[in-house]
Amino acid sequence: MIVPICPHTLSDRPLAVGSDSRIEIVMAATSQQSAHVTFDGQTNFALHDQDRIRLRRAAQPAILIHPKRRNHYEVLRVKLGWGEQY
């Protein structure tokens, strides 16, 4: 999945790509906008005209840890205020 972070319109949807896909993103600079790329929410790099980001599936699978008592929908409910009385 390729998922936009902080999209500004509802038309910015995740893209499903095959596991054997190789993706290249090329930065097209403008004088009015800038872009950055962030990896795992940790390292942030500014992108410049004609910079390229190449993505492919890693050789080793990622192991994700998820606490048993953490409920994704409860987290969203609290953060987004779902069900609150106004």
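**Talking through a pocket and a buried valine**

Biologist: Which residues lie nearest the centre of the largest pocket?

Modeller: Ile2, Val3, Ile25, Ile53 and Leu55 lie nearest its centre, and the lining has 27 residues. Please keep in mind that this is a predicted model.

Biologist: What makes a residue part of the lining of a pocket?

Modeller: The residue needs an atom within 4 Å of a pocket point. By that test, 27 residues line the largest pocket, and the space in it is about 1,000 Å³.

Biologist: Which strands supply at least two residues each to the lining of the largest pocket?

Modeller: Those are S1 (22-26), S2 (35-39) and S4 (52-56). With five residues, S2 gives the largest share.

Biologist: How do the residues of the lining divide into nonpolar, polar and charged?

Modeller: There are 17 nonpolar residues, along with six polar and four charged ones. Ile, Val and Leu count as nonpolar, and the residues nearest the centre are Ile2, Val3, Ile25, Ile53 and Leu55.

Biologist: How many of the residues in the protein chain are buried, as a percentage?

Modeller: Buried residues make up 6% of the 86 residues in the chain.

Biologist: What is Val37 in contact with, leaving aside its neighbours within four places in sequence?

Modeller: Contact means heavy atoms within 4.5 Å. With those neighbours left aside, Val37 is in contact with Thr43, Asn44, Phe45, Leu47 and Ile53. Ile53 is also one of the residues nearest the centre of the largest pocket.

Biologist: And how far is Val37 from Gly81, 44 residues apart along the chain?

Modeller: Their C-alpha atoms are separated by 30 Å.

Biologist: Now the whole chain. What pattern does the protein chain follow along the sequence?

Modeller: The pattern reads β-β-β-β-α, with one helix and four strands.

Biologist: How do you know whether the chain is spread out or compact?

Modeller: The radius of gyration is 17 Å, whereas the globule rule gives 12 Å for 86 residues; 17 Å is well over that, so the chain is more spread out than a compact globule. Along the principal axes, the C-alpha atoms fill a box of roughly 50 × 40 × 25 Å.

Biologist: What is the accessible surface of the chain?

Modeller: The accessible surface comes to about 8,700 Å², and carbon and sulfur atoms hold 54% of that.

How values were computed
Residues numbered from 1 in each chain as written. Predicted model: local features only at pLDDT ≥ 70, side-chain atom pairs only at ≥ 80, totals over all residues. Heavy atoms only, no water. 1 Å grid on protein atoms, 1.4 Å probe; cavity = no way out; pocket = protein on both sides within 12 Å on 5 of 7 lines; lining within 4 Å. Points joined across faces, edges and corners; volume = space filled by probe spheres on them. Rg over C-alpha atoms; globule rule 2.2 N^0.38 Å. Buried < 20%, exposed > 50% of the residue type's maximum accessible area, 1.4 Å probe, protein only. Areas by Shrake-Rupley, 256 points an atom, 1.4 Å probe, with all protein chains shown as cover.
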